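Please look over the sequence and the model shown here. A short report on selected local features comes after them.

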Amino acid sequence: MSTYITTGVVLRARSHKQNDRLYTVFTERRGKLELVATGSRKILSKLAPHLVMFGEVELVVAPGKRHDKLAGAVLKKIYLKPPYNLNTAILGTSFLEITDVLTSTGAPEPQLLKSLKYYLSQLKDLPTLEEDWRQRARTFLGRFIYKVLKVTGLAIQVTRCQKCQGELAAPVVFSFTEHGFFHRRCVSDNHNIHLLIDDSISYLQTLASRAEPAPGRELPQELLGFLVDYVQGQAGRSLYTLKVLRSIL
Ligand SMILES: [Zn+2]
């Protein structure tokens with residue numbers, strides 16, 4: 001493989017070995033990539049200003065043994081610029097973190113990249129009034145999670161009970177044990193379940209039918225709690241940003 005150029009959104013950056021930086025970038029051509037920026041401080045200091053938080057970057061990548069190497073980077077766009085509203089920055093970071101934990105490296109996910117860019121682009125227009133911010137942010141986060149789950153194939157059937165195939169009607173639970181929605185009466189007591197309110201089920205069904213929930217119809221708080229649990233279950237760990245957001249949304 002020879003050097004190639006692609007654009008992507010930086011999901012994560014961290015120190016690597018003594019002098020290197022490791023960047024996780026969600027790219028157009030190759031999906032999620034772990035790219036190492038190695039070498040002298042001079043090279044790093046040239047690259048680093050382009051690899052910023054919430055940035056979309058054009059990258060020159062040179063294939064390497066363990067990690068591909070970052071040979072060049074040009075910042076194309078910043079979705080959210082400092083000074084940040086702290087909560088909005090946490091929300092944006094959660095989009096990046098969710099994308100990171102629910103995708104694997106090396107497979108292009110054009111639909112997911114498109115969604116990620118869309119949700120990042122909405123951050124700067126969130127309302128400033130706290131109560132309005134909270135409602136919008138909750139809806140964005142819930143809908144983003146739903147979208148990621150759908151695109152990555154983790155989405156679940158939300159119209160019929162997985163046991164009796166009957167139409168879902170309250171009380172409805174999600175079983176983490178069997179990974180699906182059931183009538184409450186159709187699961188036994190030893191299941192690890194989440195009980196969903198009617199409003200959450202109907203919101204999920206609206207999303208699943210690909211209809212847009214009516215403007216102004218905000219995502220139920222309880223549904224966000226469920227989606228967050230679901231993501232963390234898939235990730236196998238709790239995510240710091242989601243923990244914070246759950247306490248404020
Ligand atoms: Zn049933």
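## Zinc site

This is a predicted model. Its zinc ion has these protein donors: C161 (SG), C164 (SG), H183 (ND1) and C186 (SG). They lie 2.1 to 2.4 Å from the metal. Along the sequence, the donor residues follow the spacing C-x2-C-x18-H-x2-C.

The four donor atoms subtend angles of 95 to 116° around the zinc ion, so the arrangement is tetrahedral. Four donors count as tetrahedral if all angles lie between 85 and 135 degrees. H183 has a relative accessible area of 4% and is buried. C186 is at 14% and also counts as buried. The cut-off for buried is under 20%.

## Cis peptide bonds

The peptide bond from P82 to P83 is cis, with omega near 0°. P83 sits in the loop between β5 (68-78) and α2 (86-102).

A cis peptide bond also joins A170 and P171. Here omega is about -5°. P171 belongs to the loop between α4 (130-151) and β6 (172-175).

## Positive phi angles

F54 is not a glycine, yet its phi is positive, near 65°. Its place is the loop between α1 (41-47) and β4 (55-62). At 1% relative accessibility, F54 is buried.

Q165 is likewise a residue other than glycine with a positive phi, near 65°. Q165 lies in the loop between α4 and β6. Its relative accessibility is 44%, so Q165 counts as partly exposed.

Notes: Residues are numbered from 1 along each chain as its sequence is written. This is a predicted model: local features need pLDDT of at least 70, side-chain atom pairs count only at pLDDT 80 or more; totals for chains, interfaces and linings use all residues. Side-chain values use heavy atoms; hydrogens and water are left out. Donors are N, O and S atoms within 2.8 Å of the metal (3.2 Å for Na, K and Ca); water is not among the atoms, so sites may look incomplete. Four donors count as tetrahedral if all angles lie between 85 and 135 degrees; four count as square planar and six as octahedral if opposite donors are over 155 degrees apart and all others between 65 and 115; anything else is irregular. Buried means under 20% relative accessible area, exposed over 50%, partly exposed in between (1.4 Å probe, protein chains only). Helices (H or I, at least four residues) and strands (E, at least two) are DSSP runs, numbered from the N terminus.
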